[in-house]
Amino acid sequence: MTEPAEGAVGAGVAAPGRVLVRVRGLVKNYPRQRADAPFWARWLGRVWGWTGALDEWPVLHDGLPILKGVDLDVHEGEVLGVVGPSGAGKSTLLHLMGALDPPTSGTVLYGDQDVTGMSQARQARWRNEHVGYVFQFYHLFPDLDALENVLLPAMVAYSVPAYLGRRRDLHARARALLDEVGLGDRMHHRPSQLSGGEQQRVAIARALLQRPRLLLCDEPTGNLDRRTGEQILDLLLRLKAAEGQTYVVVTHDERLAKRCDRLVHMTDGRLTDRLDGGDPESYQPPGA
Ligand SMILES: Nc1ncnc2c1ncn2[C@@H]1O[C@H](COP(=O)(O)OP(=O)(O)O)[C@@H](O)[C@H]1O
Ligand SMILES: [Mg+2]
């Protein structure tokens, strides 16, 4: 794994080519089906499990290994693709990198911050400030219109007075983003009034509202037809060029994979292959 050259960099702001996210020894076990545990442990689980005291008890939840020790460096400003068969653990890795889920062991470092070691409240704040997510199924709120959906991360991030103080700027940013994704005339439509591709564009605008440095995309074109997927792809790359974030994109989509700066391949909970064709030690990230 490449160690980043130390540059003259201030206040945690990384120069292009530096490592933005450093994943080390990431392991994730999900609970096994309780049916796999011995009879006496299941019996104890029935009687005592309601207290929550056995939630971490290995005999009952002997972990089902999903990520088996992942090391990965994500370089500032790159579009890193993660490809691999379904069930390999790609989404799990993305969730752990974005602190949506805690690892069983291992660390995720963002710049010099240990994300995995933060309290939940700090993690939530960090997520809101630094990370944007785009999911395969958009995850928009059905009762909010496009503009409100885009504003949601800010509504969550600030107290009511703080939100009202920033309201003008936030609305201007949300409107500009919706214009940018081609939905300037659909701001007050709800998700049910938008096509899949349009919903994904709203989701992308939402992900970018708070100007995150890191955008995590899980199969962003996975639920769209070819042409719409292509448009979403163009849009993501155009926005990346304009706003300069770092992208980690999980994808099955070959066209999307081809346009990533670098690809890593995941199989059975491990990164097995680097498809950039080069020796990882000599890999030069864009802008380095
Ligand atoms: N909450 C969960 N509880 C138990 N197993 C899970 C959970 N989430 C995912 N898994 C399992 O983890 C494995 C990897 O899932 P995932 O990361 O979604 O793979 P991918 O995105 O590569 O298709 C799958 O076998 C899946 O069934
Ligand atoms: Mg997945």
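Predicted model: local features only at pLDDT ≥ 70, side-chain atom pairs only at ≥ 80, totals over all residues.
# Helix packing, sheet and ligand shell

Tutor: Helices (H or I, at least four residues) and strands (E, at least two) are DSSP runs, numbered from the N terminus. Residues are numbered from 1 along each chain as its sequence is written, chains are lettered from A and ligands numbered from 1 in the order written. Local features need pLDDT of at least 70 and side-chain atom pairs pLDDT 80 or more, while totals for chains, interfaces and linings use all residues.

Student: What makes helix 5 roughly parallel to helix 7?

Tutor: Helix 5 and helix 7 (residues 196–208) pack at about 30°, with axes 7 Å apart. Axes are lines fitted to C-alpha atoms, for helices over the stretch in contact, and angles run from 0 to 180 degrees between N-to-C directions. Angles under 35 degrees count as roughly parallel, over 145 as roughly antiparallel, 65 to 115 as roughly perpendicular and the rest as oblique. Helix 5 is therefore roughly parallel to helix 7.

Student: Which residues make the contact of helix 5 with helix 7?

Tutor: Ala 146, Asn 149, Val 150, Leu 152 and Pro 153 of helix 5 meet Val 202, Ala 205 and Arg 206 of helix 7 (contact: C-beta atoms, placed from the backbone, within 7 Å).

Student: Why are helix 5 and helix 6 called oblique to each other?

Tutor: The axes of helix 5 (residues 146–157) and helix 6 (residues 160–180) come within 10 Å and cross at roughly 130°. The pair is therefore oblique. Helix 5 also passes helix 6 in a right-handed crossing.

Student: How do you know that strand 1 and strand 4 pair?

Tutor: Pairing needs at least two bridges found by DSSP. Strand 1 (residues 19–30) and strand 4 (residues 105–110) are joined by 5 bridges and run antiparallel. Val 27 stands opposite Ser 105 in strand 4.

Student: Which strands stand at the edges of the sheet?

Tutor: The open sheet of 4 strands has the order 2-1-4-5, with antiparallel pairing. Strand 2 (64–75) and strand 5 (113–114) each have a single partner strand, so one side of each lacks a neighbour in the sheet.

Student: What gives the most to the shell around ligand 1?

Tutor: Helix 3 (residues 90–97) does, with 3 residues. The residues around ligand 1 include Tyr 30, Ile 66 and Lys 90 (near: C-beta atom, placed from the backbone, within 6 Å). Helix 3 also lies across strand 1, strand 2 and strand 4, at about 120° to strand 1.

Note on methods
Left-handed = near helix turned anticlockwise from the far one by under 90°. Contact = placed C-beta atoms within 7 Å.
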